[in-house]
Amino acid sequence: MRLLVANRGEIALRIFRACRDLGIETVAVYSDADRAAPHVTKADYAIRLGPAPSTESYLSVPAILEAARKAGAALVHPGYGFLAESAAFARACAAAGLTFVGPSPEAIDAMGMKTSSRALMEKAGVPVVPGTTQPARDAAELEEFARRAGFPILLKAAAGGGGKGMRRVDRAEDLPNAFARARAEAEASFGDGAIYAEKLLERPRHVEVQIAADRRGNRVAVGERECSIQRRYQKVVEECPSPAVGPEVRARLFTAALAAADAVAYDSCGTVEFLLAADGSFYFLEMNTRLQVEHPVTEEVWGVDLVTEMIRAALGEPLSFGPDQLALRGHAIECRVYAEDATRGFSPSPGVVERLRLPEGPGVRNDVGIEAGSAVPIDYDPMLGKLVVAGRDRAQAIARLSRALEEYEIGGVETTLPLFRELVLDEDFRAGLFHTQWLDGWLASRGLSDRDATEEEALFAAISLSVDGSAPLAGTSVADRPTRWRDTARREGLRPAGGRSGLRR
Amino acid sequence: MKARRRFRWGRPGGEPAELVVEIRDATRASVKTPDAELLADFARLPDGRQSVILPSGRQVTGRTTLRCEGRAETWVGARRLAIRLSDPLRELAGEGSRVNSVAAEVRAQIPGRVVEVRVVPGDRVCAGATLVVLEAMKMQNEIRAESDARVVAVECSAGQAVDTGAILVRLEPGPAE
């Protein structure tokens with residue numbers, strides 16, 4: 001049996017490993033930018049899709065179906081991103097006689113439309129952020145809602161967006177004035193003064209529940225993950241379990257997540273995302289009908305292999321565990337390592353990975369999609385890999401993370417590693433005290449930069465430069481070897497020869 | 001293999017210090033600092049890195065390369081360090097070829113789409129001020145001024161797709177206001 005992974009990078013390699021565990025042969029697909037990429041060179045079969053742009057390669061359904069036919073694949077796993085949440089792709093696979101490793105197209109559709117999924121969840125008894133369903137006629141109507149939901153509330157323009165007509169209200173006496181102004185603003189901006197209200201969650205956490213299910217009707221909640229450390233709404237660090245969730249909240253989260261999964265007869269691995277308030281109340285955000293980037297932290301703590309479960313489920317086999325066989329053991333943390341320059345505003349840093357030294361030792365797992373010498377193309381998501389550490393508790397996991405980050409060397413492209421090295425030192429991070437806007441505030445309040453050399457390190461630098469008799473000439477060392485990207489940049493006058501960052505300093 | 005080299009080290013928060021390194025033999029080097037003279041053991045590793053053991057027993061492994069402007073780039077362990085270590089001779093040699101203040105072109109480093117233009121011709125901007133927001137690799141990137149400058153011309157507009165090397169903004173160095 002052969003399984004085609006319609007994806008690239010670390011997730012393709014992760015799925016290949018699950019295939020090998022199951023005795024399934026692996027099929028890679030690739031664009032012209034990825035011919036020499038690890039996901040191709042580590043596959044049993046590899047089929048070209050097309051040119052570098054995603055739309056002509058990893059997003060091209062006809063090209064992927066043709067590749068599956070050519071390689072004789074029986075199964076197709078979409079990974080995450082690209083076509084992972086495309087019901088049309090799931091249907092096209094089925095029509096071509098291929099088994100799609102993921103949920104039913106109906107479940108993808110039902111959860112894909114955010115407004116209708118909210119109504120569906122309300123019907124299933126899953127808590128959603130309280131709000132008025134009809135535009136308010138007057139301030140009194142809003143006050144009645146606020147009394148039920150509690151202050152603060154957020155007034156929103158029904159026709160709107162972009163902050164126009166949006167107003168935070170903390171007290172009942174402010175409501176009439178806020179309503180009048182929001183209405184006037186909405187009227188002026190959108191020609192429609194309809195205003196509705198939503199409960200405003202202050203400093204919420206992003207907590208999500210992993211669901212594992214099969215095609216025989218078994219559904220199990222496999223713990224929650226804490227994903228509040230986000231930069232501009234993108235997850236950066238994830239952990240399992242959440243430091244904010246105890247047994248009581250966990251039990252309620254599981255019940256709600258399973259109700260959500262039941263409502264769409266979910267039959268694969270998926271994730272139900274919630275916003276968690278400080279008082280332990282939580283609200284449905286969305287369901288991701290796919291394997292998540294951060295699935296390894298769950299695997300490390302709950303002792304399950306989510307990817308093999310997903311493949312087994314697609315083949316009609318039952319889950320290999322029930323809820324009673326699961327036990328939470330220890331704590332795991334994942335850092336997403338991106339080819340972005342954390343010390344210069346997270347600007348993209350495509351190029352060639354000239355040096356790669358991965359951390360090792362107890363509790364360390366590396367899910368990476370690169371090797372030394374790998375190109376990081378500008379065409380795709382700049383994630384290089386994920387560093388996952390596990391320990392007996394959160395304190396040990398953080399100690400191991402700290403140790404692993406000091407071993408992790410990537411040269412040739414700039415990365416987000418400097419961010420994590422600072423983050424592990426932060427008191428609030430170590431105490432688990434953060435929320436979804438915490439990291440943006442943290443980053444705005446400081447600059448990340450390379451650590452100053454100590455005197456001992458300065459002596460080292462002076463000696464090492466002297467040792468070769470004549471110091472290596474600029475441009476001849478490994479770190480300085482021109483890359484194709486840098487060549488182009490120099491030709492175009494973007495980077496001064498030998499300079500590190502060109503104009504973006 | 002006797003060799004002697006001088007370096008200037010800009011100590012963070014202190015006076016620059018001169019370091020004089022003399023290679024004694026295949027494994028030993030002496031270093032003279034303003035405060036002391038010490039003898040260190042060094043070894044070249046197969047992957048090109050160096051390991052140095054100081055008299056205290058402190059061991060440091062990493063790599064250092066000298067950039068063309070005479071400054072060093074140093075990695076110790078897995079980290080790049082901020083270090084102002086220069087070779088005074090090379091610095092002098094580089095001085096003559098340094099380019100003086102001329103109008104600078106701010107270009108796109110990667111292909112993308114201009115999301116926002118934050119400046120208009122005539123604006124005076126500080127070093128670090130955002131000029132243009134460029135979307136590429138699914139991310140919004142703020143293109144910033146490298147130094148205090150005056151905006152001479154804006155060569156792009158919001159919504160426009162740009163290729164690598166496209167000129168976005170022309171600047172003229174000068175004090176910000």
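Q: In what order do the three strands of the open sheet in chain A lie?
A: The model discussed here is predicted. The edge strands of this sheet are strand 7 (167-169) and strand 8 (195-199) of chain A, each of which pairs on one side only. The pairing is antiparallel, and the order is 7-6-8.

Q: By what angle are neighbouring strands of the open sheet 7-6-8 in chain A turned against each other on average?
A: The sheet consists of three strands with antiparallel pairing.

Q: How many bridges join strand 6 of chain A to strand 8 of chain A?
A: Strand 6 covers residues 153-157 of chain A, and the two strands run antiparallel. Within this pairing, Ala157(A) stands opposite Ile195(A) of strand 8. The number of bridges joining strand 6 to strand 8 is five.

Q: Which helix of chain A lies across strand 6, strand 7 and strand 8?
A: These strands form the open sheet with the order 7-6-8. The helix in question spans residues 175-190 and runs at about 25° to strand 6 of chain A. It is helix 8 of chain A.

Q: Which residues of helix 11 of chain A meet helix 1 of chain A?
A: From helix 1, the contact involves Arg14(A), Ile15(A), Ala18(A), Asp21(A) and Leu22(A). By class, the contact between the two helices has five nonpolar, one polar and two charged residues. The residues on the side of helix 11 are Val307(A), Thr308(A) and Ile311(A).

Q: What distance separates the centres of domain 1 and domain 2 of chain A?
A: The domain assignment of chain A places domain 1 at 2-101 and domain 2 at 139-199, and it also gives domain 3 (205-444) and domain 4 (467-505). Taken over C-alpha atoms, the centres of domain 1 and domain 2 are separated by 47 Å.

Q: What distance separates the centres of domain 1 and domain 2 of chain B?
A: Chain B has one helix and 17 strands. It is divided into domain 1 (3-95) and domain 2 (104-173). Over C-alpha atoms, the separation of the two centres is 38 Å.

Q: What percentage of the residues of chain B count as buried?
A: A residue is buried if 20 or more other C-beta atoms lie within 10 Å of its own. Of the 177 residues of chain B, the share that counts as buried is 34%.

Conventions: Residues numbered from 1 in each chain as written. Chains lettered and ligands numbered in written order. Predicted model: local features only at pLDDT ≥ 70, side-chain atom pairs only at ≥ 80, totals over all residues. Contact = placed C-beta atoms within 7 Å. Helix = DSSP H or I, 4+ residues; strand = E, 2+ residues; numbered from the N terminus. Nonpolar A, V, L, I, M, F, W, Y, C, P; charged D, E, K, R; others polar. Buried ≥ 20, exposed ≤ 12 C-beta atoms within 10 Å, placed from the backbone. Domains from an automatic or database assignment. Pairing = 2+ DSSP bridges. Axes fitted to C-alpha atoms, helices over the stretch in contact; angles between N-to-C directions.
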